[in-house]
Each structure stands twice: as C-alpha cells, then as structure tokens.
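Reader: Hi! Could you walk me through this structure?
Author: Happy to, here is the view.

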Amino acid sequence: MDDEQAIALAAAEAQAAALRGEVPVGAVLVSAAGEVLAQSGNRILEKKDPTAHAEMEVIRAAATALGNERLIGTTLYVTLEPCTMCAGAVAMARIARVVFAAEDPKGGAVLHGPRFFEQPTCHHRPEIARAGDAAASGELLKAFFKARRT
C-alpha cells in the first residue's frame, strides 16, 4: 500500500467521523509490510474520552492486536497534523513514519506549536512526510466547524 492509498483510507475515516458528529480527522496505521493494522476517526464524543483522537485510537488498536506497545516499522497516516498528545504517543510507540495531509497551525505539534519531534527531550523522531489532498482535508474541517457556528 502506498502513501496515497493509505491517506485515502484515512480521509474516508475522517468523513465517517464527520457523519458521527465528531471533528473530521481520520487515521490509519500500516505495518512495514504494507498491512493495515488499524483505522479510525475521532471518537471523542462517542466514547466521552478527550484522548480518543483518531491517532490514539489506531495506536491503541494496533498495539493490542500486535500484543506490543512498540509499533516499530509502522507508518501513521492522518488527515491532520498531529497534536502534542498524539505526537507524544507516536514517539512512545516508536512509529517509524508520520504522513499527514493538512497542516494545523493552531493545534498541530509537528510543524507548528511545540514542534514536538525537534525537542531535545524527544527520544524518538519519526520520518515526517506529506501526502493526500491537504486542501480537501482542510475544507472538510472548515465546513464542519462552520456548520456548528451557524
């Protein structure tokens, strides 16, 4: 599975999250062999859990499925730049790559804000890449929040 195929799965999860009334962010975790280990969208409202971000959901599911908290060699695909909490989980899980579509200047922690993986206290730094339709991911989020304000 290539980056564009995996980020398309994440985009489908973001759409499904929006239909559930969740902030439309989707994530997919793929093994080094290209196997989808887990995929999900945000489930914060559904689970009444502020940590149920799409990234956290797939990290938890993959760790459980593999019986290992270390997800070495995996790639996390997400429609939006991960926040600080999710970046911390990526480092703790030793995920090899993070690929995201849209930047998040307000809440992102990879290219924005704390730039988590650039900090000297960060013990694992994944490769960072971009894929997918950043504009479409951004528009989905903008439309979601605009609908809630009107």
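Reader: Which residues are linked with R97 in a network of salt bridges?
Author: D3 and E127 are linked with R97 in that network. A salt bridge here is a side-chain nitrogen of Lys or Arg within 4 Å of a carboxyl oxygen of Asp or Glu.

Reader: Before we go on, what kind of model is this?
Author: This is a predicted model, where local features need pLDDT of at least 70, side-chain atom pairs count only at pLDDT 80 or more, and totals for chains, interfaces and linings use all residues. Residues are numbered from 1 along each chain as its sequence is written, and side-chain values use heavy atoms, with hydrogens and water left out.

Reader: Is R97 buried or exposed?
Author: R97 counts as buried, at 17% relative accessibility. E127 is partly exposed, with a relative accessible area of 44%. Buried means under 20% relative accessible area, exposed means over 50%, and partly exposed is in between (1.4 Å probe, protein chains only).

Reader: How many salt bridges does the structure hold?
Author: It holds eight salt bridges. One of them joins the side chains of R130 and E103, at 3.0 Å from N to O. R130 sits in strand β5 and E103 in the loop between β4 and β5, 27 residues apart. R130 is partly exposed at 39%, and E103 is partly exposed at 38%.

Reader: And which residue forms a salt bridge with K47?
Author: That is E57, with the closest N and O atoms 2.6 Å apart. E57 lies in helix α3 and K47 in helix α2 (residues 44-47), so the pair ties together parts that are ten residues apart in sequence. E57 counts as buried at 9% relative accessibility, while K47 counts as partly exposed at 42%.

Reader: Let's switch to the fold. In what order do the strands form the sheet?
Author: The order is β2-β1-β3-β4-β5, in an open sheet of five strands with mixed pairing. β2 (36-41) and β5 (127-130) are the edge strands, each pairing on one side only. On average, neighbouring strands are turned by 15° against each other, direction ignored. Two strands pair if DSSP finds at least two bridges between them.

Reader: How many bridges join β3 to β4?
Author: Five, and these two strands run parallel. Y77 stands opposite V99 in β4. On the β1 side, strand β1 (residues 26-30) and strand β3 (residues 75-80) run antiparallel and are joined by four bridges. There, L29 stands opposite L76 in β3.

Reader: Why is β4 largely enclosed by the rest of the structure?
Author: Because six of the six residues of β4 are buried.

Reader: What about the helices: which strands does α3 lie across?
Author: Helix α3 (residues 54-66) lies across β1, β2 and β3, running at about 150° to β2. Helix α5 (residues 134-149) lies across β3, β4 (97-102) and β5, at about 65° to β4. For those angles, axes are lines fitted to C-alpha atoms, for helices over the stretch in contact (heavy atoms within 4.5 Å). The angles run from 0 to 180 degrees between N-to-C directions.

Reader: And what do the buried residues of α4 pack against?
Author: They pack against α3, β3 and β4. Seven of the ten residues of helix α4 (residues 84-93) are buried, so α4 is largely enclosed by the rest of the structure. Among the buried ones are C86, G88 and V90. Just after α4, R94 takes a positive phi of about 60°.

Reader: Last one, zooming out: how many helices and strands does the chain come to?
Author: Five helices and five strands, in the pattern α-β-β-α-α-β-α-β-β-α along the sequence. Buried residues make up 47% of the 150 residues. The C-alpha trace spans about 45 × 30 × 30 Å along its principal axes.
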